[in-house]
Every structure is written in structure tokens, then in C-alpha cells.
Amino acid sequence: MLKKYGTGILFTVLAIIVALTLQILGLLDLANYKFLDFNFQLRGPLSSWAAHQQHPNDSLDVILIDVDDETFRLLGDYGWPYPRGKIWDRVIKNLADVGAKVIVFDIQFDTRDAHTSRVLSVFNGVLPEGYVDGDVAIAEAIEYARERGTEVVMASTIKSEPSSIPPQILVVPNQYIMAVNPDHGLVDIEEDKDHFTRRYPVFSALAHEPDIWRLSLGMKAVKYYLDIPDEPGLTFDPVLSEFNYGPLKIPTYGSDHPGFLTNIYGPASHARIGKSEPWQTFKRFPMVWIIDTEDFELPVVEEDTDWMDTFNPDGALNMMLSMVDPEYQIPESPFKGKICLIGVSVEVMHDYKSTAFFDYLGAPTLMPGFEYHANATQTLLDQNFIQILGKTIEFTSDSALSQITLIIISALIAYLFIAFFNPLWGGVLVVFEGIILFSINVGLFTTDHLWLFKWISGNSEEILVPLPGETMFVPIMAPLAVMALTYLTNVLYKFMAEQKDKHFLKDTFGTYIAPELIDQMYAQKQEPKLGGDAGIHTAFFTDIQSFSSFSEKLTAEEVVELLNEYLTAMTDILLEHKGTLDKYIGDAIVAFYGAPVPVENHEYMACLTAVNMQLGLDDLRRKWQSEGDRWPEIVHHMQNRIGIATGDMVTGNMGSAMRMNYTMMGDIVNTAARLESGAKQYGIYIQVAEATYLAAKDGFEWRDLDYAIVKGKTEPVRVYELISTKGKLPEGYPDLLQTYHAALELYRGKKFTEALEAFKLSDSKEDMFPGRNTNPSRVYIERCKTFIADPPPEDWDGSYQLTEK
């Protein structure tokens, strides 16, 4: 019995260990978050909550006041940021007049009013008589609102400035506004690794003041909406891992995170997803409507006239009046007793968040940042928190027990199916197990365990909507992974037990080409033999910058250890991109693409390998730096250089009948080697010949480097610096390349004096990180000086003879 099932149990335990490792390392977190997003979309919007007793007035507690496209267009004459003494003070006063309980700004007023500043600059720092200081007007409007029972909450943020002492500062409204002591809340929100926003902070703290809890914008809005007193304020219950704030109990996202998962109530309110009108998850009003009263002259454009006359036959738009005056059949102000959250949705401000409803109904739509605050605020007011089995999606001390238990149970059930059924039926039952787990999870999230039947029958609109606090989410990616791993490992073991002999090609090629290429060779019955084949392939050379100096800092054993780790990582990347490893020469890697098996777009694959090697080395550097004093500083800044050239070469097994090596020969091989070594003269790390560039240029970002005669050659070659894949230029590089290429055009036009100044400008924009001693701009600066003193001949073709390898 043990012999029959022992190996299967062993592989099941291995599957559990692998799945648990994936969960511990966080490699399944993103998948779990995406599944959480799917649950939101399957549940659908919560706008129908108006039917619940929680919102008898057919409205959520938060109203959005939106600086939208309409506002931006109609107030275009005022210019952004709008004058505080003409626009923003009026917004505050008008909302206070119509009964708003709390006015919340997701717009910062930390700097001086721009319009007031301009007037001060014109009149030598003194405001002319009768001119209203915009910031003072805001302060007076805040006091005006307080007199009418409306509290105003301003926006603040924590800025990090590593060069400052202390390194973090709290940015609040300017001193003129703070003179009336308005409260403020932090607007800082962190994104997840996939750039989606899912959590909301209860508070944040400055690094040098960790014991001072500074509440977020939503928390401050809730404070004044529920009239929560200052004392005892926000407290934490370590037993229940929850915050207590007035009547609210706020569960934390794990014991170490001062925040919660935001329950998104629906798509962005301005979005028209499957509807002709905006979705209006929250009631939303353009900000321009709020200021449009009888005493405000709103600019009118001709194309608006018909619409205005239809809406208001009296001829005066006065949108604010139309929303609160009984004459317009609106019995009560829609703002009365509400939280009015003011923010910006106009696209040019780029204040958008990706949320669970990003691609709802197949229409990608971002959510304005201030509406995300609205969702978090409504979540707090409704106590509508998402419960996570184990408190966190990630593997933490809070979630360890529940996640390990679920993984083990899922694996054991899957193994029983495999042990007692053939692989086909076992696989069917394992899939069925996964579907059941999936269905239970969605049922817990929606509180409708019949959701799957409704969804399959096309009645997804009948899926129940959970009541406040009833939403539960179970991270199931690790259990699903362990089911698949248990099945695959056991089935593969049975298959591999019958495949004990190695294929003859793997003995020859297994150490230096990718496995899929070996399989292709095997399918084509390509037997290793002496001799070579001519063809157009891509040669690839790389080695470590100044590696000889490493031996001065490291022992021989440390050099070997470091080199093995580096070569392993780089070789893995090479093989992953279908490269053929030719040989190692010390710290150098020699490789090529397109043989022994043809590789489509081998030029592109070689360039992609080079870019990913740079990224891989960056990961190694961070790892070595994290190990503290384990490695000297020179290791922390290790760089490698790469040369790539495409052309005619011969590839094949060369040597003797007893011992052969698959390698390459040809002039293009020497060119690639020269490009690799010559890169140091320019201070670059990937140098590519023209033929490779022409074949792969559309997939990457480049710098036109030189028209050079490399050492040992007589004919010039045009060479390029490969910087990154398309669209992923490092910060600052677009401006640098524009400046550099303009200077290069002057240089090639023999305008050396102008080129010298242009290259000096581009040099100031180059990234001179540790270990980089020069850059292309500096190389051309010296050449310009040389040519100014000793101009080239009239028939000069722009080429330059390199004197070093």
C-alpha cells in the first residue's frame, strides 16, 4: 500500500510546498486581487442601495462636486487654478446656503492663490484698494459655512524629500487659510503592484512622528458628518485588530496595515457604460452649476443656447437655483445634510485611479481620484467592509493558518481523485473541485450561492447584492494552484517513469540552447555532426565592466561564487529568449541566434535579451545591496556591456570526431566582439550594429551613436545604443535624446562650434550613475574640440576612426 501510494503522497506534499511557497513569496497575490476585481464586477454596482433602509432618500451620503469637462470649458476664461476669491469661496458659500453638512476638498490649497500672487507681483507686494485676497476670501467662506452649520475639510498630503531634515513634511493649506483653523485630511493613497487602487488608509504618520496619527480625508469627512468628538478620537483594539472611531468599528487589513479594502460602489459616476446617461453611482454635479446663481455672470457660448432654453425657459441658466428652488419642482436641496466632496475629473489633471470597475461591461474607464475618496467614505459610513478570510490576501501572520489549511485540504481532495481514478477522470474531478471552490467564493462575496446557475442561465442581473458588512472574500489562487500542481506532478511522474533514456541531442546541445529548440531539433532528426552551415545570424557578446578589479576586492572563492550567480542569471535570460550559448570566456558570454534551429526575428530576440539582461543585472544589484556588507561597493554597482551584430557567419560542430563544440565563425563575429569592448569608449552598455538595428528598430528605443571605424577594421559601421523596449524610456531620456540628436545633426553637418554647445547641453542631461565614467555627449564634445582646431576634409562622410578596442 505504501509503495503504491507513497510516491503520489510525496508529490502531493511537494505540490503543497510549492503552492505555499508561491503564496509566501507573493507570486499569487496579483491573481487573487484580479479575482477580487472579478467578484466586484459580477456583483455589480451598489447604486440600487437606495432601496435599502440605509438610504431612504434615494441617495448615498456623499455628493460629488466635479470640476469636469463642462466646468473646464465654461470657466475657461478664469484659467486653472481658478481664482479663490471669485470661484472657490462662492462654491463653499453656496453649498453652505443649501444645507450641505460637510464640504470636503480633494484639491490642495497649500500655495498662494495664483491670481492674488500675480496682482501682488504687479503692485510690488501690496494689493490695490478693493482687491479681495483669494486666500482670505477662502478663509472667510469657511467661517461663513461654520456659522450655518457646515464644516469644511481641506486636503493635506505627506511629501518625502530625502535631502530635507526631517525627510518627510506635512503639506497643509497655506497660512492665510489656516488662520481660521480649518480641519484637513490626508489625500495620499497607495497603489498595488498592478497600479490598481484597492485599499484606503485610516491614517498615516510622518516617519519622525510615528505616534501622531493623521487621519485621511475620508476619515475627516466621516468625523464631521457623524459629529464624532475629538476625544477619545481614533483608538486601536489589538485583540480584534480593528480601529474604534466614535460609533464606527473599522477592521484593519491585517494587523500591520492601518487601512481597509475599499468597497467600490460602482463604475465612475461620469462614465456612460452601456447607458446614454452618466452612471451616477454617486450623485454628481458639475462644479460650474454650484456657482451659477443669479448674482454670478456665467460665460455662455453660442452652442449652449438651445440646451439652456430647454432646461430653463426663463432664459437665465442659474443651475444652482434650479436645484434648490421649489418653483422647479425640486422640494428639497439635494445637498442638504450631505457630504459634498469636491474634486477634478477633467482628463488634463491626470487624477485618476484604476479600480475593480475599470473594465466593467468591457468599457475601460478610470475613476477620478476624488470619487475613490467618496467610495471609501461611504464604505466607512455604511460599515460596509470587505471581510477577508485570514484578514489579508497576502501571506501574513494573520492569514497563515487559514491559507495553509485551505491549501492542504484542497491538495488532499485532489490527490484522492487522482489516486482512485484514471488521469482523465481524475482531471475532470479536479476541475470540478476548482469550480466548486470558485463558486463558493463568489457566493460568499455576493451572499448568493445560486449565482452560478443565474449567471449560466443569463440572469446575472438577479444575483443578490450583499447587505452592509456581509461581503466575504477568500483568496483561492493558492488552493487552485495546489490542485493543478497535485494533478500535474502525479500524472507527469507516471509519464516520466517511462522516459528514462536521454535523447541523443540533449547530450550535445542540452547545456547551451533552450529546451524547446532541442525538441524542435529532435522532431526534425538533426543529428550532431562535424562541419558548419553558412547563414545570416546574430552574434552576441557580453562581459562585466572592469571585472579584473573585482579580484582585488574579493577572495578567489568569492569571485567564483559571484561569477556563478551572475552567469546563471544571464544564461537563463539568454536561453529563455532562444539564444544559443557558445561558450564562457572568464566573465564573458559568447552566444548567437538563429542556429542550430532557425529563430524567427533573431535580431529582435537578441536585442530583447540584451534589455532583459540589463534588467536582470539590476535585480542582482538590488539583491547584493540587500545583503549588506556581504559584498563590497564595487559589486553593488556592477555593470555589463553587450555587443550585437547581424550578418553572414558559419555555425556548426567544430573540433574532432571524439570531441566537438557547436560554435560560430565569421567576420561579423569579430564585429560584435569589437562593439562589446568598444561600448566603454562611449560610456554605454548595449551597442548594436546597423543590420541588427534595421531589423529590430520598431520594437525598441535607440540612440544614434556613431559612424565608426572600429579597431581592426577599415570600413565604417553605423552603430546605435539600445536603451529600452518601445515606450519604456527611463525618466528624462525623451528630453535627453531630443537634445542629443539635434546636436548630432549639427556635428554631422560640420557645424562643430554649434554642436559643441548642443552636446554640452545634452551632457548635462545624461545620467552619470556610479561606475559610468563618460557618455556619448562627452565623447562628441572632445571630437568637436578636435575638429574645431583641425577641421576634417571637405569630403568627410561623418565617420570616425576608433583607436581603442
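Over the ring of which residue does the charged end of Arg-630 sit? In this predicted model, the ring is that of Trp-631, with the charged end of Arg-630 placed 4.1 Å from the ring centre. A further contact of this kind involves Arg-112, which lies over the face of Tyr-176 at 3.8 Å from the centre of the ring.

Tyr-78 counts as partly exposed because its relative accessibility is 23%, whereas Phe-296, at 10%, is buried. A tilted pair is formed by Tyr-747 and Phe-787, at 6.1 Å and 40°; this pair connects helix H25 with helix H27 across 40 residues. Tyr-747 is buried at 1% relative accessibility, and Phe-787 is buried at 10%. Both residues belong to a cluster linked by ring pairs, which also includes Tyr-740, Phe-752, Phe-759, Tyr-780, Trp-796 and Tyr-800.

The largest pocket has a volume of about 710 Å³. Its lining comprises 29 residues, with Gln-614, Arg-621, Ile-723, Pro-730 and Phe-769 nearest the centre. Helix H21 (602-626) contributes the largest share, nine residues, and strand S26 (717-725) supplies at least two. By class, 12 of the lining residues are nonpolar, nine are polar and eight are charged.

Notes. Residues are numbered from 1 along each chain as its sequence is written. This is a predicted model: local features need pLDDT of at least 70, side-chain atom pairs count only at pLDDT 80 or more; totals for chains, interfaces and linings use all residues. Side-chain values use heavy atoms; hydrogens and water are left out. On a 1 Å grid over the protein atoms alone, a cavity is a set of points where a 1.4 Å probe fits but cannot get out, and a pocket is an open set with protein on both sides within 12 Å along at least five of seven lines; lining residues have an atom within 4 Å of a point. Grid points are joined across faces, edges and corners, and a volume is the space filled by probe spheres set on the points. Helices (H or I, at least four residues) and strands (E, at least two) are DSSP runs, numbered from the N terminus. Ala, Val, Leu, Ile, Met, Phe, Trp, Tyr, Cys and Pro count as nonpolar, Asp, Glu, Lys and Arg as charged, and the others, Gly among them, as polar. Buried means under 20% relative accessible area, exposed over 50%, partly exposed in between (1.4 Å probe, protein chains only). Rings of Phe, Tyr and Trp (its six-membered ring) pair if their centres lie within 6.5 Å; planes under 30 degrees apart count as stacked, over 60 as edge-to-face and the rest as tilted. A charge sits over a ring if NZ of Lys or CZ of Arg is within 6 Å of the ring centre and within 35 degrees of the ring normal.
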